[in-house]
Amino acid sequence: MTSWFERQASSHHAQLAAAVVLSGVTVAALIYGTQAIRRKEAVQELKASIPELDETHHADMLTDFGAASPPPKASREDERVSALARRAQQGDYDKDLITEQLTRTTSFLGSDRFALLRDSFVIVVGLGGVGSHCTSALARSGVSKIRLIDFDQVTLSSLNRHAVATLADVGTPKVECVPKRLQAIVPWVQWEPFNEVWKQEQAERLFGPWCTGKGRNPDYVVDAIDNIDSKVALLEYCHKHGVRVVSSMGAGCKSDPTRVFVGDISASVEDPLSRVTRRRLRAVGISEGIPVVYSTEKPGPGKAQLLPLPEEEFLKGQTNELSVLPDFRARILPVLGTMPAVFGYTMANFAVLELTGYPHESGAGKGREKMYANILANLQGLEERLARYEGADSLGLKIPVTKDDVGYLVEEVYRGKSVVSNLPTRLALVRWKVPEGGFQIEENREGRKSVRLSLNELVCMTKDEAAAHEKDVLKGGRGPDEIYSINVLQLVERRKREERHYDQYR
């Protein structure tokens with residue numbers, strides 16, 4: 001054994017291999033060592049650039065969200081207003097003054113409806129441009145109890161659209177800024193600020209009774225969130241728990257106030273935020289029944305668009321790392337300061353009418369359930385024909401597609417139009433290609449027959465186009481690329497990619 005080691009040590013190849021390994025280790029150590037030195041130098045340079053804390057450079061502790069610590073000492077006027085508000089909320093305020101201030105609202109609604117409004121408890125989630133204007137309108141109209149939920153702080157750039165914030169409020173929590181400014185106008189309104197992110201796991205507490213369990217449950221919820229995940233979770237919770245809610249879609253990049261409407265979410269169009277929200281809600285089985293404020297304004301040449309994230313920002317790392325909190329928007333959304341106010345006041349107006357039972361059109365959904373049922377029945381018939389074409393017994397055959405699935409595919413994936421002709425009438429769903437192995441029927445232990453069919457295999461066409469597709473592709477042996485133009489083929493692939501993306505939420 002010793003002689004073997006001696007031979008290997010004296011071997012030229014062994015010596016060469018050892019030299020290569022040793023040099024590799026040396027180079028790696030040198031690289032890592034150099035990087036460590038550079039990192040250390042960069043940290044030291046950064047620390048050196050930070051001025052010492054003194055009277056010139058003063059700093060306070062940050063909040064959990066990285067915001068500035070308590071705001072500067074209140075002015076004498078702010079203290080006077082706060083003292084008046086405390087007394088008013090305790091009942092030490094002349095009711096005749098309240099009646100006089102709200103007399104126009106009373107005369108419009110009538111005393112009975114106005115009493116309902118004065119006794120209401122509303123929750124506003126999101127206090128940006130839309131939410132702050134909505135809150136201001138609700139308080140001025142007579143709502144007596146308002147809970148505010150928002151994690152964010154007032155920024156300098158938000159002053160172009162915020163309802164009440166001033167320069168002095170920059171860096172302070174929005175849930176503190178809004179009551180502070182509005183109590184100078186409606187001192188009797190009671191506020192309950194929650195300086196935190198709305199999360200589904202905290203919904204029972206955040207949407208719980210007034211004063212965290214001691215009072216009444218909320219009468220209405222206003223959703224002014226601009227984060228998709230939080231918005232969808234909030235609307236899903238409200239829908240499934242019977243909580244009345246109105247939701248704001250996107251005010252960014254909009255400029256025409258005459259195109260702002262209130263309607264069911266199933267009927268909202270030309271709104272990217274609404275489209276994404278609808279798709280995500282359909283994925284959890286909610287297709288309608290949620291009133292939303294949205295714009296039908298179409299994008300066009302010369303109009304504002306969502307600003308792209310600069311390339312140098314992508315190079316810094318994951319885009320999630322660029323936002324205040326994970327998954328919150330990191331890009332700049334162009335906003336004309338007047339449009340969030342239009343959305344906010346529209347939501348407040350709708351909420352007031354709902355709370356008081358004042359006659360209004362609530363914005364019904366599309367009412368296309370019958371159409372979805374017909375499309376599903378036609379798809380069932382198609383699958384039975386294809387099975388018989390393969391020589392199988394299709395009696396009792398079931399397909400793994402529901403009416404909700406049909407609505408999701410037709411409305412959200414294919415935008416309610418045929419991929420071939422772009423027509424919106426007499427629609428049908430049909431397989432795009434012949435599946436590998438043919439149209440085979442599977443039978444379980446109970447004797448139930450079914451076919452393998454995923455939503456991603458289906459495309460939307462008119463009935464006539466679907467019949468021709470069945471004849472030429474599904475039975476005729478021709479491929480879609482032999483029949484359809486490149487534009488149609490590319491459109492189908494885009495829609496399929498979208499469906500695969502949203503399938504994760506189902």
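**Reading strands, burial and surface in a predicted model**

Strand β9 (residues 427–431) and β12 pair in the antiparallel sense, and five bridges join them. The model discussed here is predicted.

Me: Which residue of β12 stands opposite Leu-427?

Reply: Within this pairing, Leu-427 faces Thr-462 in β12.

Me: How are the side chains of a strand arranged, and which residues of β12 lie on each side?

Reply: In a regular strand, side chains alternate between the two faces of the sheet. In β12, one side carries Leu-458, Cys-460 and Thr-462, while the other carries Val-459 and Met-461.

Me: Why is strand β12 described as largely enclosed?

Reply: A residue counts as buried when its relative accessible area is under 20%. Strand β12 spans residues 458–462, and five of its five residues are buried, so the strand is largely enclosed by the rest of the structure.

Me: Is Lys-496 buried or exposed, and what does it contact?

Reply: The same cut-off of under 20% applies. Lys-496 has a relative accessible area of 7%, so it is buried. This residue belongs to helix α19 (residues 486–502). Leaving aside neighbours within four places in sequence, Lys-496 is in contact with Trp-432, Asn-456, Glu-457, Leu-458 and Val-459. The C-alpha atoms of Lys-496 and Tyr-414 are separated by 9.4 Å, although the two residues are 82 apart along the chain.

Me: Where is Ser-248, and which residues does it touch?

Reply: Ser-248 is placed in strand β5 (residues 245–248). Its relative accessible area is 2%, so Ser-248 is buried. Not counting residues up to four places away in sequence, Ser-248 touches Val-130, Asp-223, Lys-231, Leu-273, Val-293, Phe-343 and Met-347.

Me: Which residues make the nonpolar surface patch, and where is Val-170?

Reply: Leu-156, Leu-167 and Val-170 make a nonpolar surface patch of about 300 Å². Val-170 is in the loop between β2 (145–149) and α8 (174–182). Because its relative accessibility is 34%, Val-170 counts as partly exposed.

Me: How many helices and strands does the protein chain have, and what percentage of its residues count as buried?

Reply: The secondary structure comes to 19 helices and twelve strands. Of the 506 residues in the protein chain, 41% count as buried. Among contacts between residues at least 6 apart in sequence, 73% join residues at least 24 apart. The accessible surface comes to about 28,200 Å², and 53% of that belongs to carbon and sulfur atoms.

Terms used:
Residues numbered from 1 in each chain as written. Predicted model: local features only at pLDDT ≥ 70, side-chain atom pairs only at ≥ 80, totals over all residues. Heavy atoms only, no water. Patch = residues over 30% accessible without salt bridge, like charges linked within 9 Å, V, L, I, M, F, W, Y side chains within 5 Å. Areas by Shrake-Rupley, 256 points an atom, 1.4 Å probe, with all protein chains shown as cover. Salt bridge = Lys/Arg side-chain N within 4 Å of Asp/Glu carboxyl O. Helix = DSSP H or I, 4+ residues; strand = E, 2+ residues; numbered from the N terminus. Buried < 20%, exposed > 50% of the residue type's maximum accessible area, 1.4 Å probe, protein only. Contact = heavy atoms within 4.5 Å. Pairing = 2+ DSSP bridges.
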